[in-house]
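Hi,

Here is the structure you were after. Have a look at it first, and then read on for what turned up.

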Amino acid sequence: MDVKGLQGDKAEGRLYVGNLDFRISESDVIKMFSPFGKITAEDFLWHTRGPKRGEPRGYAFVQYTTKEEAQLAKEKMNGKLVCGRPMVVHLASEKSSLDSKDSHRALKDKKVTGGSAIRSAQTDRAAKIAAIKNKLKSLEEEGCSTKRPRLTPNDLTGTSEHSHKKF
């Protein structure tokens with residue numbers, strides 16, 4: 001048995017649709033994907049617990065009658081901007097980390113799989129910290145400060161030279 005009890009060919013026609021804006025509804029997903037073939041099932045996932053209970057999770061699964069319909073939908077819809085966000089669409093049987101190397105899930109998978117990936121992530125973090133420190137140092141040398149200048153009483157009452165000018 002495959003994903004959610006689907007066997008063989010049926011699982012091949014199943015698409016993962018991710019990075020959905022939270023304003024997208026189930027009916028919107030069906031409307032967007034119905035031009036590519038007959039949709040036999042659609043699973044729109046919602047948060048069931050916690051503070052986000054009842055809110056959409058931002059992804060869904062769409063089941064087509066054939067793999068060819070699913071492949072066509074994938075080709076046409078993957079990366080398409082919807083509500084300002086690029087949709088991630090792939091066959092549910094494909095590994096997601098191949099399509100979205102920068103995704104949070106891919107990073108999480110790397111951390112779980114081995115020590116070399118953890119060392120790489122730590123090296124990346126150390127490089128980012130070093131870059132931030134260098135930027136701060138250069139700003140300090142230029143005389144820029146991260147603190148806002150203090151207001152003087154004249155700034156608050158409007159009695160400075162500029163407040164007497166007529167415009």
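The side chains of Glu-94 and Lys-74 meet in a salt bridge, at 3.0 Å from N to O. The term stands for a side-chain nitrogen of Lys or Arg within 4 Å of a carboxyl oxygen of Asp or Glu. This pair links distant parts of the chain: Glu-94 sits in the loop between strand S6 (88-91) and helix H4 (96-99), and Lys-74 sits in helix H3 (residues 67-77), 20 residues apart. The labels follow DSSP runs, with helices (H or I) of at least four residues and strands (E) of at least two, numbered from the N terminus. Glu-94 is partly exposed with a relative accessible area of 26%, while Lys-74 is buried at 16%. Here buried means under 20% relative accessible area, exposed over 50%, and partly exposed in between, with a 1.4 Å probe and protein chains only.

Before you go further, some ground rules: this is a predicted model, in which local features need pLDDT of at least 70 and side-chain atom pairs count only at pLDDT 80 or more, while totals for chains, interfaces and linings use all residues. Residues are numbered from 1 along each chain as its sequence is written, and side-chain values use heavy atoms, with hydrogens and water left out.

How many salt bridges does the rule give? The count is three. Another one joins Asp-43 to Arg-14, with the closest N and O atoms 3.0 Å apart. Asp-43 belongs to strand S2 (residues 39-46) and Arg-14 to strand S1 (residues 14-18), so this pair ties together parts that are 29 residues apart in sequence. Asp-43 is partly exposed at 23%, whereas Arg-14 is buried, with a relative accessible area of 4%. Then there is Arg-23 with Asp-21, where the closest N and O atoms are 2.7 Å apart. Arg-23 counts as exposed at 62%, but Asp-21 counts as buried at 12%.

**The sheet and its helices**

The chain has seven helices and six strands. Four of the strands make an open sheet in the order S2-S3-S1-S6, with antiparallel pairing; strands pair if DSSP finds at least two bridges between them. S2 and S6 are the edge strands, each pairing on one side only. On average, neighbouring strands of this sheet are turned by 20° against each other, direction ignored. For angles, axes are lines fitted to C-alpha atoms (for helices, over the stretch in contact), and values run from 0 to 180 degrees between N-to-C directions.

S1 pairs with S6 over four bridges, in the antiparallel sense, and Gly-18 stands opposite Val-88 in S6. Helix H2 (residues 26-33) packs on the sheet, touching S1, S2, strand S3 (56-64) and S6, and its direction makes about 145° with that of S2. H3 lies across S1, S3 and S6 and runs at about 155° to S6. S1 and S3 also pair in the antiparallel sense over four bridges. Leu-15 stands opposite Val-62 in S3, and its bridge partner in S6 is Leu-91.

**A closer look at S1**

Is S1 mostly covered or mostly open? It is mostly covered: five of its five residues are buried. In a regular strand the side chains alternate between the two faces of the sheet. Arg-14, Tyr-16 and Gly-18 are on one side of S1, Leu-15 and Val-17 are on the other, and all are buried. Tyr-16 has a relative accessible area of 16%. Not counting residues up to four places away in sequence, Tyr-16 touches several residues, among them Tyr-59, Phe-61, Val-89 and His-90; a contact is heavy atoms within 4.5 Å.

**The core**

The largest nonpolar core has 19 residues, of which Leu-15, Val-29, Met-32, Phe-33, Tyr-64 and Met-87 touch the most other members. Such a core is a set of buried Ala, Val, Leu, Ile, Met, Phe, Trp, Tyr and Cys residues joined through side-chain atoms within 4.5 Å. S1, H2, S3, H3 and S6 are the elements that give two or more residues to this core. Met-87, leaving aside neighbours within four places in sequence, has contacts including Val-17, Leu-20, Met-32, Phe-33 and Met-77. Over the whole chain of 167 residues, 24% count as buried.

Cheers
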